[in-house]
Amino acid sequence: MLYEEKFTENCPQCGDALAIHFKYTKLIKCHSCKSTIFLEDDSVKLIGKSAVLSPEPSLIQLHKAFKFQKKRFTPLGKIRYSYGRGFWEEWFLQDENGKPFWLSIDEGDFVLEEKINFSLPFKKNREFKVGQYLNDYQITEIGEGVCVGFEGELPEAIKLNETHQYVHLSRGNGELLTLEFAENETMTFKGQWIDPLAIEVL
Ligand SMILES: [Zn+2]
């Protein structure tokens, strides 16, 4: 059984139907008028228009399912972060059971992760240094980017122009933990580096 449940609301700006694929979607872009709409409990709220992201050639496309390790994932949204000379993208995916995942694509590097509940004793990444160990994970990268836009639907509200800092912690077998720091929150993701050649677009 594939998870194909859909919820429909109407765009408060143009009235067109908004097909919502993920149960807990908070933010969606209207495909007709490109308005950004915040979904809250039973209400829909217009936030405004946001820039349409310039399309970039990508293996991953919105609503085009792919297979990885015998699991089927559907990309429902993406967030683009700029780090000055370039950008990376975080794709919001749903698996066939309706479970959310994130695929981060930074040039040729693909990381598939899921959000985990893990509270940190730190508020900012300035406490971290590359090379430092936290249990059996080693900090391998620290960086930051500015959120420049999104497409599709997202399980959480994002703030444009907000700076996100991230810390990658690695251990053997391509396993990865990512700590993400925004203005008012910290999130933790757990996953692995994946080989893009192992992705089969359906
Ligand atoms: Zn609209």
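The model examined here is predicted, so local features need pLDDT of at least 70 and side-chain atom pairs count only at pLDDT 80 or more, while totals for chains, interfaces and linings use all residues. Residues are numbered from 1 along each chain as its sequence is written, and side-chain values use heavy atoms, with hydrogens and water left out.

His164 belongs to strand S13 (residues 163–171), strands being DSSP runs of E of at least two residues, numbered from the N terminus. With a relative accessible area of 8%, His164 is buried (under 20% relative accessible area, with a 1.4 Å probe and protein chains only). Setting aside residues up to four places away in sequence, His164 touches Tyr81, Gly143, Glu144, Gly145, Glu180, Phe181 and Ala182, where contact means heavy atoms within 4.5 Å.

Turning to the metal, the zinc ion has as protein donors the SG atoms of Cys11, Cys14, Cys30 and Cys33, lying 2.3 Å from it. Donors here are N, O and S atoms within 2.8 Å of the metal (3.2 Å for Na, K and Ca); water is not among the atoms, so sites may look incomplete. The angles subtended by the four donor atoms run from 106 to 113°, which makes the arrangement tetrahedral (all angles between 85 and 135 degrees for four donors). Along the chain, the donors follow the spacing C-x2-C-x15-C-x2-C. Cys11 counts as buried at 4% relative accessibility, as does Cys33 at 14%. A search of the whole structure finds zero disulfides, that is, pairs of cysteine sulfur atoms within 2.5 Å.

The largest nonpolar core has 16 residues, and those with the most contacts inside it are Leu27, Ile79, Phe92, Trp102, Leu154 and Ile158. Such a core is a set of buried Ala, Val, Leu, Ile, Met, Phe, Trp, Tyr and Cys residues joined through side-chain atoms within 4.5 Å. A second, separate core of 13 residues includes Phe73, Trp91, Ile105 and Leu112.

Technical notes. Buried < 20%, exposed > 50% of the residue type's maximum accessible area, 1.4 Å probe, protein only. Tetrahedral: all angles 85-135°; square planar, octahedral: opposite > 155°, others 65-115°. Helix = DSSP H or I, 4+ residues; strand = E, 2+ residues; numbered from the N terminus.
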